[in-house]
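The stops below are given in the order in which they may be selected.

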Amino acid sequence: MKHEEREHSLLSPSGAHRWLVCTPSARLGEQFPDEPSDEAKEGTRAHEWGAYFLDPDNNDKPEIDADPEMDKCARAYADFVNGLAGDDTLMTEKWIDLTDFVPGCYGYVDAAIIKDNEIHVVDFKYGEGVPVEAKDNPQMMLYALGIFERFPRNDVSMTIFQPRIENVSTFHISGEDLLKWADEVLIPAAQKAWDGEGLYTAGAHCQFCKARSICRQYSIDLVAVKDKDLATITDEELEQWLPYFDDIKKAIKVLEERAFKAAVNGKEWKSMRLVTTQGRMGWKDEDGAVQWLMENGHPELVKKPSPCGIREVEKVMGKGSTERFTGRGEPTTSLKVDKE
């Protein structure tokens, strides 16, 4: 099965960093379609090549060729995993069922190595933005839990291999502590997330949340950024808040559209009103106007393929002389905010 054809669970391992912290976010985001970004599609293709190079007997060769950088990174991932595995049991693209811990949760582990007293899971990250750390990474811990449930061992290792920025991050934990995390942290939070309960909590995990445009808590945090004295923002705050700025623009657009539609449907706002503006005057027959100007000996009033502005033309040709070639556009209706 191609990677892009795989179904994703509501409480997926890849989204655990979000739904473990903001438990209602998963249900809130259900109303939005999954629309992978270009970066996500590129990462999927890199994963397919990595799986093929690592285990060509059990993974199909991808249909789309890898560019030189992707080829190099995918081969580096395969060499890295093979070096870790040695003669031990290696599983690639292993499907795991985590429903004993998280309702409806399943996923695929890029690579899992089964040793006598240890399991080692490896995740291939193709992104080159921010280094991803393995320590206390909930996605990695869920992957490890899925393998551990079938192959219990005393020790558990998790490694993130991110070749484009030369990041290799490994985290070690005992099997006992992994189960303790599952009992004390994972299971209670997962049940809340499945039920759509708990508190909305904004933070860095909001970056790829599908529901952030309608999330009240996220909007509150946006307002906090707006009200901050920009001169006093620290470097740490700048790094934390900069990702919000694009969302401020998007949030404004979403709210403006919502308010406009409500007004069109009869809503009477206290501080906003619908205003209809006359269409702008413009050329409706540019070809005819150009021919008219050329025939009357005024090529200087033509900027091919269009005539100059109406006012400029009428200064020479006379007021009202352009009427047969001009007209108003359609009127537009917009929502005006009455500021005090």
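Select Asn-137 and Gln-139 to begin: a polar atom of the Asn-137 side chain lies 3.0 Å from the backbone nitrogen of Gln-139. This is a polar contact, that is, a pair of N or O atoms within 3.5 Å in which, within protein, one must be able to donate a hydrogen and the other to accept it, and residues adjacent in sequence count only if both atoms are side-chain atoms.

The model is predicted, so local features need pLDDT of at least 70 and side-chain atom pairs count only at pLDDT 80 or more, while totals for chains, interfaces and linings use all residues. Residues are numbered from 1 along each chain as its sequence is written, and side-chain values use heavy atoms, with hydrogens and water left out.

Asn-137 belongs to the loop between β3 and α5; helices (H or I, at least four residues) and strands (E, at least two) are DSSP runs, numbered from the N terminus. Is Asn-137 buried or exposed? With a relative accessible area of 12%, Asn-137 is buried, where buried means under 20%, exposed over 50% and partly exposed in between (1.4 Å probe, protein chains only). Not counting residues up to four places away in sequence, Asn-137 touches Val-132 and Ile-160, contact meaning heavy atoms within 4.5 Å.

Next, select α5 and α6. Their axes come within 11 Å and cross at roughly 115°; axes are lines fitted to C-alpha atoms, for helices over the stretch in contact, with angles running from 0 to 180 degrees between N-to-C directions. Residues making the contact include Met-141 and Phe-148 of α5, and Leu-178 and Trp-181 of α6.

Then display the largest nonpolar core, a set of 37 residues. Such a core consists of buried Ala, Val, Leu, Ile, Met, Phe, Trp, Tyr and Cys residues joined through side-chain atoms within 4.5 Å. Trp-19, Val-102, Ile-147, Met-158, Leu-178 and Leu-186 touch the most other members. The greatest contribution comes from α5, with eight residues.

Finally, select β4 (residues 155–162) and β5, which pair in the antiparallel sense over eight bridges; pairing requires that DSSP find at least two bridges. Asp-155 stands opposite Ser-174 in β5.
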